[in-house]
Amino acid sequence: MLNILFVSHDADLRAAASRALTRSGFHVTAASHAGHAWLACARENVFDVLVIENDMPDASGAVIAARLRRYCPGLQFVRMCDPGSGVSGPNAVVRPFTADDLIAAVLLAATPVVAA
């Protein structure tokens, strides 16, 4: 079972995404801001994937992810972003997205990269 840390300042999104991820067999810890995310990582130190808003009120998702890796060194991340944000690639999920899109992004982030 993958341990997911889901960070969003949007309470409705946190609730809906947590339900969808939990129903898919993931263990989910939700946080509303960077401070709660840092506390969860420092206390639990067991997260596999961070799902975070690209634009958080307290810092960018990439900055928060880098800081969280101090506590959870193997932490992979998925950034949720708006169209036109300039963020793309395998660890980005662009709004509007479905539960299936989110789950696929989490699974892709959690898949180890195999060197060729």
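**Close-up views of a predicted model**

The buried residues of helix H1 are covered by elements that include strand E1 (3–7), strand E2 (27–31), strand E3 (49–53), strand E4 (76–81) and helix H4 (99–110). Helices (H or I, at least four residues) and strands (E, at least two) are DSSP runs, numbered from the N terminus. Buried means under 20% relative accessible area, exposed over 50%, and partly exposed in between (1.4 Å probe, protein chains only). The model is predicted, so local features need pLDDT of at least 70 and side-chain atom pairs count only at pLDDT 80 or more, while totals for chains, interfaces and linings use all residues. Residues are numbered from 1 along each chain as its sequence is written, and side-chain values use heavy atoms, with hydrogens and water left out.

**View 1. Helix H1 and its two faces.** H1 comprises 13 residues (residues 11–23), which at 1.5 Å a residue should span 18 Å; the end C-alpha atoms are 18 Å apart, in agreement. The expected span is 1.5 Å times one less than the number of residues. Leu13, Arg14, Ala17, Ser18, Ala20 and Leu21 are the buried residues of H1. Seen down the helix axis, these buried residues fall within an arc of 170 degrees, so they line one face of H1. The arc is taken from the directions from the helix axis to the C-beta atoms. An α-helix has 3.6 residues a turn, so residues three or four places apart point the same way. Exposed residues Asp12 and Arg23 are carried on the face of H1 turned away from its buried side.

**View 2. The two ends of H1.** At the start of the helix, a side-chain oxygen of aspartate 10 reaches to within 2.9 Å of the backbone nitrogen of aspartate 12. Just after H1, glycine 25 takes a positive phi of about 100 degrees.

**View 3. The salt-bridge network of Glu53, Asp82 and Arg95.** A salt bridge is a side-chain nitrogen of Lys or Arg within 4 Å of a carboxyl oxygen of Asp or Glu. Searching the whole structure finds two salt bridges. In one, glutamate 53 pairs with arginine 95, with the closest N and O atoms 2.1 Å apart. Glutamate 53 lies in strand E3 and arginine 95 in the loop between strand E5 (92–94) and H4, so this pair ties together parts 42 residues apart in sequence. Arginine 95 also forms a salt bridge with aspartate 82, where the closest N and O atoms are 3.0 Å apart. Aspartate 82 is in the loop between E4 and E5, 13 residues from arginine 95. Glutamate 53 is buried at 5% relative accessibility, whereas arginine 95 at 23% and aspartate 82 at 41% are partly exposed.

View 4. Valine 106 is buried, at 0% relative accessibility. Leaving out residues up to four places away in sequence, valine 106 touches Leu2, Ile4, Leu21, Phe26, Val49, Val51 and Val78; contact means heavy atoms within 4.5 Å. Between valine 106 and aspartate 48 the C-alpha to C-alpha distance is 9.4 Å, with 58 residues separating them in sequence.

View 5. Threonine 29 has a relative accessible area of 15% and is buried. Contacts of threonine 29, not counting residues up to four places away in sequence, are with Ile4, Leu5, Phe6, Ala40, Glu44 and Phe47.

How values were computed: A polar contact is a pair of N or O atoms within 3.5 Å; within protein, one must be able to donate a hydrogen and the other to accept it, and residues adjacent in sequence count only if both atoms are side-chain atoms.
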